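Hi there,

Here is the structure I promised to send over. Have a look at it first, and then read on for what turned up.

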2 protein chains.
Amino acid sequence: MTPATGPPRWRTARQHRGLHAPPFEAIQYSRISITISRATCALIGGLVARRTTVTINDVANEAGVALGTVSNALNHPEKVRPETLKRINEASAKLGYAPNQSARMLAGGQNRSFGLVLPSLEHGISLQIANGANAEAQKHGYGLLIANADNDDILSARYLTYFMGTQMAGILVQPMSVYGWKPSLATPSVPTVYLDFHSSEPGYFVGADNRAQGRLVAQHAIDAGARRIAVFGKDEFEKLGMRIAGVRDIMRTTTGVAFEFIDEGAWNLARDGYSVGYRLAKRPASERPDFIIALSDVLATGAVAGIQAAGLNVPGDIKVAGSDGNPLAWSGNVSLTTIAPPGYEIGRKGVQYLIAQIEENRRAGNAMPTENHQALVRPFLLARASSGEGNATEFADPDLDISGYL
Amino acid sequence: MTPATGPPRWRTARQHRGLHAPPFEAIQYSRISITISRATCALIGGLVARRTTVTINDVANEAGVALGTVSNALNHPEKVRPETLKRINEASAKLGYAPNQSARMLAGGQNRSFGLVLPSLEHGISLQIANGANAEAQKHGYGLLIANADNDDILSARYLTYFMGTQMAGILVQPMSVYGWKPSLATPSVPTVYLDFHSSEPGYFVGADNRAQGRLVAQHAIDAGARRIAVFGKDEFEKLGMRIAGVRDIMRTTTGVAFEFIDEGAWNLARDGYSVGYRLAKRPASERPDFIIALSDVLATGAVAGIQAAGLNVPGDIKVAGSDGNPLAWSGNVSLTTIAPPGYEIGRKGVQYLIAQIEENRRAGNAMPTENHQALVRPFLLARASSGEGNATEFADPDLDISGYL
DNA sequence: TTGAAAGCGCTAACAG
DNA sequence: CTGTTAGCGCTTTCAA
């Protein structure tokens, strides 16, 4: 990331002798390297095995073929006879050859990898994005390198620049905030897609459809027979605000159902959900909601505990639903109705957008995007015990295989 | 990852005209580029902004300085006058310059990034490693690029080769299995550390001290007053086996406490823990254990639910402890005594090993490791409600801030 | 297939 | 500071 300092890691013969060695010595060196590769040289050079750089030349010598043939074996194997290919493969395995990616890129190769810059690896959504992007990239034969910008705008920009500098085939970013999206990045030298982000500027953006999430949960509440619905969570957070808007969409087209909006409880502390749940449950039965929509799963989990602490039953007395499919919030003893986590789909869609741009560029030349492309990932409801679906076992999801998380 | 095919992404004037254009044209092009940079050229070239490559030369022209000065600004800013630096920074910001990392590396620069290859981003331990490594790398001014090999040995090897090919300053790998560790990688051309892995071969390895984890939990059980301790989990998994060995270490030095080992329950399914917990709780009081050590947290969570289902109280009738600090297993209604997750420390220690190797190489030349370095990360006990510590509230950890996971 | 050669963008060296 | 230059390891091209 940071500018290079100090001596280069790998010193070649030329470098050992200083840059401006007379041509004669250079020739002499290259003659030696024809018969004894530098790698071999190093192996017989002393007791301590020195780390050396194995080049395409070393492999060619070892396999007894021309440099260009090794290059072809690497890049156009169909142009090389199978037996030659075999010899080359053996030689590179023997020497432990790792093609210098820098040189390949510089010489005009294609980088078949995408870069993904995330603000954190501790947010559920970021992890989902990473996994979705990984799956989709792999499916199309691309690699994916992930950078964790650690909630730091400057670091994020540095990784972005770094990825551009490595000629990534494409870049995905989850901006920290609106401010994390620099318009300057709207003209990148590489196809770029912004994830978990909404914009009407030219470019490619993929976001969760928080409003649809709200609509889905509200419709589910009504379908579950709710007559008094309490919706809670702080309106000031954009995502939560959109979810509220979705709930209101449903409210407007529904009669005979009372809605109550409680603008409190932050969004991220289970205990806030707990106190709201407890308070609502302690109301007289006539004023008590029969369905609570928590605008985040963390709040919902707390609410379930609060309701139980107040002596009521979930879903018997009050049904509860979360809204954002946060698997880490499954800590109550009733499985939680919520929205399937959208991050995975966002990651997948992001890679699809990248590939679309790459193909478009191949067809029509490398052009900057002039239009806005905003994808919204369609949410799905996960109906579970807390809203009366399935069995309200006291041990949530006993069959859930979370081996992956061990 | 895959060999380059197809045309290069960025076509320069030379490439547009074919490789072997007469020198005259090449000179002509380079004359143009002195007055009008390629980037600028592109901006005025038409209605559609073409993606172009901004080079160090473009920046030098824009800033009105020499090429070498821009390079110095990048690599040895102390050698450049502040005002010149400012002009250069403005110019590169204006043009959106991203130094070609391939060229920098090829020309002998240092890569200040580490590569980390993980088998998954869904395992708690891998995430902890990623976060620990990231924190430590950042602290020392290094970047970290993470690759998810998706439980695929071949993919893992490809990422490893890729990282070596990009001249990473160092590489961290969490091998999938013993088989994921190729001895060939014991002679890498780049400092390498194996994480969550044990070996006595030459090289650098960092692992969790599963045996110490077992000792800690067993000692805690005894300190908590246990007289009959049941230990369960399948012995066939190496990690679990080491934890059992740790428990036996304590058993050997303890008198008056009965130990019972139940070799069943896999390791990753809460329902297995559930059935073992249920069965033990249904025993007559005289044969019932008063402390259950589950060899994984997933099992422990299930066991708590099973004990409760059998009508007993945790920790009142039976105390329970897990052994591997898996935050995703906190799904019971009693907070779980366990071991602090070791992954974070493993990641940190891995980066420290990398930096140690780099400094050693700087001092003594690049040598292969000839000795075995096996670090074991010291475990910590998290004593909580399930073993009688703290308050056995019915809502576990109400203060737990899991905002990060939203 | 071979051998030779140009050039990717940069760093580091050198003589002004 | 400038301007120039060699060379990093590779890909691609071309003529043999």
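This is a predicted model: local features need pLDDT of at least 70, side-chain atom pairs count only at pLDDT 80 or more; totals for chains, interfaces and linings use all residues.

Residues are numbered from 1 along each chain as its sequence is written, chains are lettered from A and ligands numbered from 1 in the order in which they are written, and side-chain values use heavy atoms, with hydrogens and water left out.

**Aromatic pairs**

A pair of aromatic rings is described by the distance of the centres and the angle of the planes. Rings of Phe, Tyr and Trp (its six-membered ring) pair if their centres lie within 6.5 Å; planes under 30 degrees apart count as stacked, over 60 as edge-to-face and the rest as tilted. By this rule there are 14 aromatic pairs over all chains. In one of them, the rings of Tyr204(A) and Tyr353(A) have their centres 5.0 Å apart and their planes at 75 degrees, so the pair is edge-to-face. This pair links distant parts of the chain, with Tyr204(A) in strand S5 of chain A and Tyr353(A) in helix H14 (residues 343-364) of chain A, 149 residues apart. Helices (H or I, at least four residues) and strands (E, at least two) are DSSP runs, numbered from the N terminus. Tyr204(A) counts as buried, at 12% relative accessibility.

Chain B has a pair to look at too: the ring centres of Tyr204(B) and Tyr353(B) are 5.0 Å apart and the planes are at 75 degrees, so this pair is edge-to-face. Tyr204(B) sits in strand S5 (residues 203-208) of chain B and Tyr353(B) in helix H14 (residues 343-364) of chain B, 149 residues apart. Tyr204(B) is buried, with a relative accessible area of 12%, and Tyr353(B) counts as buried at 12% relative accessibility.

**Strand S5 of chain A**

Why is S5(A) largely enclosed by the rest of the structure? Of the 6 residues of this strand (residues 203-208), 6 are buried, so the rest of the structure largely encloses it. Gly203(A), Phe205(A) and Gly207(A) point one way from S5(A), and Tyr204(A), Val206(A) and Ala208(A) the other way.

S5(A) also has strand partners, where two strands pair if DSSP finds at least two bridges between them. Strand S4 (residues 192-195) of chain A runs parallel to S5(A) and is joined to it by 2 bridges. Tyr194(A) has Phe205(A) as its bridge partner in S5(A), and Tyr194(A), Phe197(A) and Phe205(A) form one aromatic cluster. With strand S11 (residues 372-377) of chain A, S5(A) pairs in the parallel sense over 6 bridges; there Ala208(A) stands opposite Val377(A).

Asn210(A) lies in helix H10 (residues 210-223) of chain A and counts as buried at 6% relative accessibility. Leaving aside neighbours within four places in sequence, Asn210(A) is in contact (heavy atoms within 4.5 Å) with Lys239(A), Met242(A) and Arg243(A).

**Around DNA strand D**

How many residues surround DNA strand D? There are 27, and the closest are Ile56(A), Tyr97(A), Thr69(B), Arg81(B) and Thr84(B). A residue is near a strand if one of its heavy atoms lies within 4 Å of it. Of the DNA strand D atoms within 4 Å of the protein, 81% belong to sugar or phosphate and the rest to bases.

A polar side-chain atom of Arg104(A) lies 2.9 Å from a phosphate oxygen of DNA strand D.

Helix H5 (67-75) and helix H7 (101-106) of chain A each supply at least two residues of the surface near DNA strand D. The buried residues of H5(A) are Val70(A), Ala73(A) and Asn75(A), and they pack against helix H4 (56-63), helix H6 (82-95) and H7 of chain A.

Best wishes

Definitions and conventions: A polar contact is a pair of N or O atoms within 3.5 Å; within protein, one must be able to donate a hydrogen and the other to accept it, and residues adjacent in sequence count only if both atoms are side-chain atoms. Buried means under 20% relative accessible area, exposed over 50%, partly exposed in between (1.4 Å probe, protein chains only).
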